[in-house]
Amino acid sequence: MGDLTAFEEKLFDSLKKLIGPEEFGRTKVLGAAVSGGADSVSLLCALAKIKEGLEGGSKKELPEAGQKAKGRPFFPKIVCVTVDHSIRPEEESSGDAAFVKSLCQKLGVECAVKKIERGAVERLAAQRGKGVEEAARFLRYQKFEGFAKESGAQFICLAHNQNDALETLLMRFLQGSSAAYGIAARREKYLRPLLDFSREQIEEYLRSQKIDWRTDATNSDNKYFRNKARNLLIPFLDQNFEGWKKALLAGGEKALFEDGAVEAFLEDRLLAAGKSPDFFGEEDGEGLSFSAGLFKSLPVALRQRLLYRAAGKLGLEERLPYSFVRTVSFWPEKDFKKTLAAGLEASSKKDKVFLKKIKKEATESGFFDIIVGKNDAESSYVLRSRAVGDEL
């Protein structure tokens, strides 16, 4: 370990902390999602350097995870995945994938290139109504899940850093999101060991190691919400509000702890009411329902958490406005008959409140398209709403 840089030592410590010593010892395959940008390139190169440092550069067959080869500790096999979203011109997006593949060859790391069909991101964004960024993320994680199964990766490292955490906190605050605690360092198989690293530290590491990276041209396009925060809001805050980054990160950490407490309080109250701790509502026809008795027993904050749970269970695809949640959470003290938002309908009848997902109906204004197959446009068609992968 003596040959590792301070950056690599810190990354290794972060990784072990996120996985845990016992689980780390059982980990055989560790994935890394790499786009070609500075953040993910630093992640991949540092992981490869840590593995080489631990194993002394041995190319011999390695033992099972957690064991040692000739007195040297074992580091999991590293595998890489890069996703081509097909949003930018072909030469740019495929160029990034080729760059990552070439880098992996130099490092001796297996690389899988996953390509999203051109136009699929835009079509999904139109369907879900959450924008191109969210649609790209949704499809990207689908590719990650497939990659994990194919490669046997027990974890996938993502390259979100401290700057990403700040941007996310600002964005969620401006959106009025309930998840104001930013980016989680670990979510199931997904790890973010660079969250305590600034973008400046990352680029300094790459320059010191003489490692090149790619720059995504869309990073300067301020039609994307994140780019607005990164390119417009953050420079303004830097210039006018000294210490804002430290304060915001501290606030996000506090919110994360409070979020955990709210979840624990809800589970305790549900158990006291004779419900399962993961209760999300009573199945009622095509939707879910809550009794007035249960709602009355809960503080408003816990009622709202329960409503977000129910929306997730019903498969809501759009962001649920707080105004909707607020209206329903004040029931039964403040009665309402019916309210609708983001494809979710809530109605109150007697001693119950009902939630159900509403299917969007077509209108004469053109919400339907004629969807046809590639080779049988003249022979058959079906009238329905557009779906990802359709050809017009």
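## Basis of the description

A residue is called buried when its relative accessible area is under 20%, exposed when that area is over 50%, and partly exposed in between, with a 1.4 Å probe and protein chains only. The structure is a predicted model, in which local features need pLDDT of at least 70 and side-chain atom pairs count only at pLDDT 80 or more, whereas totals for chains, interfaces and linings use all residues. Residues are numbered from 1 along each chain as its sequence is written, and side-chain values use heavy atoms, with hydrogens and water left out.

## Overall composition

The protein has 13 helices and 15 strands; these are DSSP runs numbered from the N terminus, with helices being H or I of at least four residues and strands being E of at least two. Of the 392 residues in the protein, 40% are buried. Contact here means heavy atoms within 4.5 Å. Among contacts between residues at least 6 apart in sequence, 65% join residues at least 24 apart.

## Ser40 in helix 3

Ser40 belongs to helix 3, which covers residues 38-55. With a relative accessible area of 4%, Ser40 is buried. Leaving aside residues up to four places away in sequence, Ser40 touches Ala33, Val34, Ser35 and Ala159. The side chain of Ser40 also reaches the backbone nitrogen of Ser35 at 3.0 Å. That distance falls under the definition of a polar contact: a pair of N or O atoms within 3.5 Å, where within protein one must be able to donate a hydrogen and the other to accept it, and residues adjacent in sequence count only if both atoms are side-chain atoms.

Helix 4 (residues 90-107) has 18 residues, and the distance from its first C-alpha to its last is 26 Å, close to the 26 Å expected at 1.5 Å a residue. The expected span is 1.5 Å times one less than the number of residues. Buried positions of helix 4 are Ser93, Gly95, Asp96, Ala97, Val100, Leu103 and Cys104. These buried residues pack against helix 3, strand 4 (77-84) and strand 5 (110-115). After helix 4 comes Gly108, with a positive phi near 75°.

Asp84 is found in strand 4 and counts as buried at 4% relative accessibility. Its side chain and that of Ser93 are joined by a polar contact of 3.2 Å. Not counting residues up to four places away in sequence, Asp84 touches Ser93, Ser94, Lys114, Lys115 and Ile116.

## Cysteines

The structure holds zero disulfides, a disulfide being a pair of cysteine sulfur atoms within 2.5 Å. The closest cysteine sulfur to that of Cys45 is in Cys104, 8.8 Å away, which is too far for a bond. Cys80 is likewise in no disulfide, and its nearest cysteine sulfur, that of Cys104, is 3.6 Å away. Cys45 is buried, with a relative accessible area of 7%, and Cys80 counts as buried at 1%.

Five strands form an open sheet in the order 9-10-13-12-11, with antiparallel pairing; two strands pair if DSSP finds at least two bridges between them. Strand 9 (282-284) and strand 11 (338-341) stand at the edges with a single partner strand each, so one side of each has no neighbour in the sheet. Neighbouring strands of this sheet are turned against each other by 25° on average, direction ignored. Axes are lines fitted to C-alpha atoms, for helices over the stretch in contact, and angles run from 0 to 180 degrees between N-to-C directions.

Strand 9 and strand 10 run antiparallel and are joined by three bridges; Glu283 has Leu288 in strand 10 as its bridge partner. Two residues lie between the strands of this hairpin, in which Gly285 takes a positive phi near 65°. Strand 10 pairs with strand 13 in the antiparallel sense over four bridges, and Leu288 stands opposite Leu355 in strand 13. Four of the five residues of strand 10 are buried, so this strand is largely enclosed by the rest of the structure.

Helix 12 (residues 300-313) lies across strand 10 (287-291), strand 12 and strand 13 (352-357), and runs at about 160° to strand 10. Helix 13 (residues 322-329) lies across strand 11, strand 12 and strand 13, running at about 160° to strand 11.
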